[in-house]
Amino acid sequence: MPVSAASNEDLQLVERYGPLVAQPTAVVAQMAQSLDGFIATRSGDGAGLSGTADHEHLHRLRALVDAVVVGAGTVVADDPRLTVREVSGPHPTRVVLDPHARVPHDATVLVDATSPTLWLVGPDAQVPEVADHVTVLRLPTKDFAPAEVLATLRARGLGRVLVEGGGRTVSRFVDAGELDRLYITTVPVLLGDGVPGLRVQPAARIGDAARHPSRRFVLGDDVCTELVLR
């Protein structure tokens, strides 16, 4: 019996996202960057870098995790909603890593109650009054080590975590060895300069560079590479 196009698409989705669904505790990261390794122009413009299929992929990841993590810089630059809109599925808890409490007080994640927000700040950060959907958590230091962040989330029952941005935050989780899977969507455009994407500890020689099991899938004009890091 021939497989219908709809059935074939379902099989592809199961193959692509099944490993994440099967794990009650998992940490993944997703980011899109240009061929020359930038997530935004020098002025900070990163909206619309990748295409519709990549946006759908990102929203599927959001729908499959308990929490989505971003750094304060991403909130300041992009004011993201961090909700699920392109596909069907539940909204994750939004987590903002902000040691100095510098995100604008009218940022969407702080005023939109579509999903809960955890605002992680440093011990001395000055925090205003927040809406009911926002919970302020003070970490003991301003270092915000990835392991400490994840332990904080797991203590609240948030086992599946998506680290979404920006480049510095994702890179820290990679270098700390705290990611299970990393999705990098490469967009066929050259920005020349701008906000760096993934930057990890450099290898002295090609033979010393980390190599991980990988697979690739086409997302419209973009190509997503999935690395299995552990």
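Tutor: Two strands are said to pair if DSSP finds at least two bridges between them. Strands (E, at least two residues) and helices (H or I, at least four) are DSSP runs, numbered from the N terminus. This is a predicted model, in which local features need pLDDT of at least 70, side-chain atom pairs count only at pLDDT 80 or more, and totals for chains, interfaces and linings use all residues. Residues are numbered from 1 along each chain as its sequence is written, and side-chain values use heavy atoms, with hydrogens and water left out.

Student: In which sense do strand 10 and strand 11 pair, and over how many bridges?

Tutor: Strand 10 (residues 214-219) pairs with strand 11 in the antiparallel sense, over 6 bridges. Within this pairing, F217 has C224 of strand 11 as its bridge partner. The hairpin of the two strands has 2 residues between them, and G220 there takes a positive phi near 65°.

Student: Which residue of strand 11 stands opposite L182?

Tutor: That residue is L227. Strand 8 (residues 181-187) runs antiparallel to strand 11 (residues 222-228), and 6 bridges join them.

Student: How is burial read, and is T108 buried or exposed?

Tutor: Buried means under 20% relative accessible area, exposed over 50%, and partly exposed in between (1.4 Å probe, protein chains only). T108 counts as buried because its relative accessibility is 17%. T108 is found in helix 4 (residues 108-111).

Student: Which residues does T108 contact, leaving aside its neighbours within four places in sequence?

Tutor: Contact means heavy atoms within 4.5 Å. On that criterion, T108 is in contact with D79, P80, R81 and R94.
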